[in-house]
Amino acid sequence: MTYLAKPKFRHPSLVPNKLGFTHRDYEGSISTLCAGCGHDSISTALIQACYELDIEPHRVAKLSGIGCSSKTPDYFLGQSHGFNSVHGRMPSVLTGANLANRDLIYLGVSGDGDSASIGLGQFVHCIRRAINMVYITENNGVYGLTKGQFSATADRGSKSKTSVNNDAPIDLIGMALLAGATFVARSFSGDKHQLVPIIKAAISHKGSAFIDVISPCVQFNNGAGSTKSYDFVREHNAAVNRLDFIEERDEITAEYEPGTVQEVEQHDGSILRLHKLHLDYDPSDRVHAMNYLQQHHEKGEVVTGLLYLDPEPRDTHAALNTVDVPLNSLGTRELCPGSKALEGINDDYR
Amino acid sequence: MPKIEATNDFVVKFANVNGSGSASANEMFARSILRMGVPIATRNIFPSNIQGLPTWFEVRVSGAGWIGRRGGVDLMVPMNPQTWDKDVASIDPGGYLFYDSSKPLPPSKFRQDINVIGVPLTEMANSRWQLPRDRQLLKNMVYVGALAALLGIEQETLQKLVEEQFAGKDRLIKPNHEALKIGGDYVREKLKGACGLTVKRLDKVGNRIFVDGNDAAALGAVYGGATVCAWYPITPSTSMAEAFMAHCKKLRVDSVTKKNKFAIIQAEDELSAIGAVIGAGWNGARAFTATSGPGISLMQEFIGLAYFAEIPSVIFDIQRGGPSTGMPTRTQQSDILITAYAGHGDTKHILLFPEDPHEAFELSAMAFDLAERLQAPIFVMQDLDIGMNSWLCEPFSWNDSKLYDRGKVMTYEDLEKGKEFGRYLDVDGDAIPYRTLPGTHPTKGAFFTRGTSRDRYAKYSEEGAVYVDNMQRLLRKLETAKKYVPHPIAHHAKEPTRYGVIYFGSTSAAMAEALDVLESKGIHLDTMRLRAFPFPDEVIEFVNAHDQVFVVEQNRDAQMRTLLVNEGAIDPARFISILHYDGTPITARFITKSISERMTLLGAARREAAQ
Ligand SMILES: Cc1ncc(C[n+]2csc(CCOP(=O)(O)OP(=O)(O)O)c2C)c(N)n1
Ligand code: SF4
Ligand SMILES: [Mg+2]
């Protein structure tokens, strides 16, 4: 572990966390995205979340597909291994990586084209399989990297500079709920205060966590006819709750209206403190969540917040009954049955 | 009436209806011959169907030890009325027709030049058993009993096989024993001497085993240290993934914790299967998928990425005849080009060609070492003939002193000591770079994996010169691969010759026999059995050392020849293709005939031409 002696005067980005890592230790290469692109704000939120959670950067594996969004893992957590794989297939690569080493934190970064168009199948199946991961879609309603064609999450009637989308949208949140994700949230790249605690909670969740982040493409889909623009989301953002992520239960100091604060303890002991903004919203009820989202989407609202949480998630490794140590740490001695066993096997074939 | 007379040298073919329970009875018939020390070769010919369509099972009895398909039928057992005419027509003149004579058949249903042996199988089974299921299954054992008596197969040997098969379900032993006896008694009483084919105890099987290639390759994967398997069902590869699961349950469960030292997922498609293999390989586990042609075509993009990003991965291609509505249950060697150059852009891959289940085990285990040593996808090119038929082959063996070759992986200690790390740096001059696994070191050795848009240090770059530098190294890595892959096996003819023959994979068994026959006709050929691509230098040297080289393969387009011409920059006129691609395994007769004809034309087999 690196030990950093504390200098007397420090730039805020050099204040070490509990492990002695500074904010800078979680940064990556310089972004090559357009100035103002929502994706960069998500990278910043990820850096913040990992820093605040005192995660050793190298214990994270970042995997992505193809797109502007999928490039971003290069721009955060430079001390982590990353894999910019193929278009729409990050989920399978992440699945295999997770099977190989259950001890790392898996962060899947994708776009709406990557996950809702070409990769819809892999997206759903990966979630079905209850892979312990955080899966983020940086959702701008278009294919940024191929210059602005509509993606499958674009709302019907959305207008870009050159065309109108006539097809019905795919709601990734609804898909994730149906497929059995145990942590489902939506946020907005322009709302760091909402997004950072959600990411932290998702990382601490030991199951399949999905976050759909509306992330405007300033280049191709930030105009008046878009439902994924900064202006539209700001105006129609219907946050059902705000989340505090706290590592241990502490006293509630602020004053809240009765019934507006709900605490959920996660498997790892961390506490999610939800400040209810819509009192009728219940994030522990999957079917309720699906109905609520549909109803409010009809009204043109963008529902954000922690939408569903199962504090006792499933995990693929439990279902597969794999050994506690990572499979990639097993060597010849542990894996090879040897010549003695082979004699008996040969006999079975005679 | 001529009668084929033969001892330990004939072919028996069963025609059945898929799903009628005949498979286990036929298998028992075959094994009883093996237990008498007489080598056999069996082949299933089956449709893409679960119940109702015709299937065939061929048993070649060969005291001489030939285990390729011979071709022809000496004794036909047509238990399927649908295919009767074709089955009867396939019998060699002087051969035998063994049939269920319960219902009378018009003379037009028979042939004059064959010997007809009728046994009222249905009648006997129906008068003894009441339940339809019993009647059906035990009728199969009645014919096994009758055939055994006709051919002189020892009754005790069969009885013992029944006991082994039904161990644990002991109440089934008695009726099966009885069925064998009913069939046998009928023949002993009424049909003495009806058949000129005989099985005679020999000592030619030795310690060999009888196993199918998918089972063997799956076991090889267990021995080779595979821990992750991701697959999608497709004939004829499915039984490999299933066998891997079965072997793992026996061999890979931690004795103390009862937890699994393996993870198998049935993916939603082949794209996902190969994606998971690549993710696991990237993360340091030995991983594989098993598939067939259509699956390979779906995996192309990922295979390309694995080549460029240099990710260890193992792909078993159990080759079959083309598309899903092609001949999915028939054998071919027709995925050679699609695998050798799989992907997009300039790619070339490492292929291994096992000749039988024994070698499938060996090359399967070896593939995992090669994948990690060479940081590349490795294809194990089986086919349906090896994969789904039981073959008599040498027993599996393992050298316990051998440790897995995990290739060039930098550890925490290496990085800590300050060893320079560049993911795509050629440090040792063999073009194989060092890699690090995720999670190794808090501050050193992390990198971002991409296709080719990066430099030797894995930093983003789209510079032309940087790209070319990397692509040249990948070519040099393939040169290095030639040293590691299994080398071809060459054999000199008894007499010096200007002719050679190249073959590979499941053709091997039929080839051995064909060469023997050709030699007896005075046709001498030097031989080379390919075991891997890229071709080690001796392959090209072999071609150059002969005027003409036959290339025997089981596909239409002479795919291996194309690869030889292309990779060895060889004049195509040097090669003569012998191609068999009707979906059945190639036979010694086919090879012998094709090569003899060509040699006659070439005026080379002087003795033969003079006849
Ligand atoms: C197989 C394949 N088809 C098409 C492409 C071209 N392509 C690159 S990125 C992209 C769309 C990305 O859209 P999205 O995931 O929404 O990412 P964004 O750029 O909007 O962040 C496409 C179609 C590709 N890389 N691979
Ligand atoms: S094109 Fe759109 S998505 Fe891509 S970087 Fe620019 S703003 Fe972001
Ligand atoms: Mg997009």
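Modeller: Begin with B:D385, which sits in helix α14 (residues 384-388) of chain B. Helices (H or I, at least four residues) and strands (E, at least two) are DSSP runs, numbered from the N terminus. This is a predicted model, where local features need pLDDT of at least 70, side-chain atom pairs count only at pLDDT 80 or more, and totals for chains, interfaces and linings use all residues; side-chain values use heavy atoms, leaving out hydrogens and water. Residues are numbered from 1 along each chain as its sequence is written, while chains are lettered from A and ligands numbered from 1 in the order in which they are written.

Colleague: Is B:D385 buried or exposed?

Modeller: The scale goes like this. Buried means under 20% relative accessible area, exposed over 50%, and partly exposed in between (1.4 Å probe, protein chains only). B:D385 has a relative accessible area of 2%, so it is buried.

Colleague: Which residues does B:D385 touch?

Modeller: Contact means heavy atoms within 4.5 Å. Set aside residues up to four places away in sequence, and B:D385 touches B:R43, B:T331, B:W391, B:S506 and B:P585.

Colleague: Can we try that on a strand?

Modeller: Take B:V11, in strand β2 (residues 9-17) of chain B. Its relative accessible area is 1%, so B:V11 is buried.

Modeller: B:T291 lies in strand β12 (residues 287-291) of chain B. At a relative accessible area of 0%, B:T291 is buried. Not counting residues up to four places away in sequence, B:T291 touches a list that includes B:I234, B:E270, B:M299 and B:D317.

Colleague: How do I read burial for a whole helix?

Modeller: Recall the helix geometry. An α-helix has 3.6 residues a turn, so residues three or four places apart point the same way. Now the case here. In helix α11 (residues 300-309) of chain B, nine of the 10 residues are buried, so the helix is largely enclosed by the rest of the structure. Among the buried ones are B:F302, B:I303, B:L305 and B:F308. After α11(B) comes B:E310, with a positive phi near 60°.

Colleague: What about a loop residue, such as B:D571?

Modeller: B:D571 is in the loop between α19 (559-568) and β24 (575-579) of chain B. Its relative accessible area is 47%, so B:D571 is partly exposed. A polar contact is a pair of N or O atoms within 3.5 Å; within protein, one must be able to donate a hydrogen and the other to accept it, and residues adjacent in sequence count only if both atoms are side-chain atoms. The side chain of B:D571 reaches the backbone nitrogen of B:A573 at 3.0 Å.

Colleague: On to the ligands. Where does ligand 1 lie?

Modeller: Ligand 1 lies between chains A and B. A residue is near a molecule if one of its heavy atoms lies within 4 Å of it. Ligand 1 has 17 residues around it, and A:C68, A:S69, A:G113, A:D114 and A:G144 come nearest.

Colleague: Which polar atoms face the oxygen atoms of ligand 1?

Modeller: A backbone N or O atom of A:C68 is 2.8 Å from a ligand 1 oxygen. For A:S69, a polar side-chain atom lies 2.7 Å from an oxygen atom of ligand 1. A polar backbone atom of A:G113 is 2.8 Å from a ligand 1 oxygen. On its own, ligand 1 has 590 Å² of accessible area, and the protein covers 76% of that. Such areas come from the Shrake-Rupley method with a 1.4 Å probe; for residues, only the protein chains shown count as cover.

Colleague: Which elements build the shell around ligand 1?

Modeller: Two or more residues each come from α2 (68-71), α4 (112-117) and β5 (142-143) of chain A. The largest share, three residues, is from α4(A). For residue classes, Ala, Val, Leu, Ile, Met, Phe, Trp, Tyr, Cys and Pro count as nonpolar, Asp, Glu, Lys and Arg as charged, and the others, Gly among them, as polar. By that scheme the ligand 1 shell has five nonpolar, nine polar and three charged residues.

Colleague: How does the shell of ligand 2 divide by class?

Modeller: Around ligand 2 there are seven nonpolar, four polar and no charged residues. Among them are A:C34, A:C37, A:H39 and A:C217.

Colleague: Last, the metal. What are the protein donors of the magnesium ion (ligand 3)?

Modeller: Donors are N, O and S atoms within 2.8 Å of the metal (3.2 Å for Na, K and Ca); water is not among the atoms, so sites may look incomplete. Here the protein donors are A:D112 (OD), A:N140 (OD1) and A:V142 (O), lying 2.1 to 2.2 Å from the ion. Their spacing in sequence is D-x27-N-x1-V. A:D112 lies in helix α4 of chain A and A:V142 in strand β5 of chain A, so the pair ties together parts 30 residues apart in sequence. A:D112 counts as buried at 2% relative accessibility, and A:V142 is also buried at 2%.
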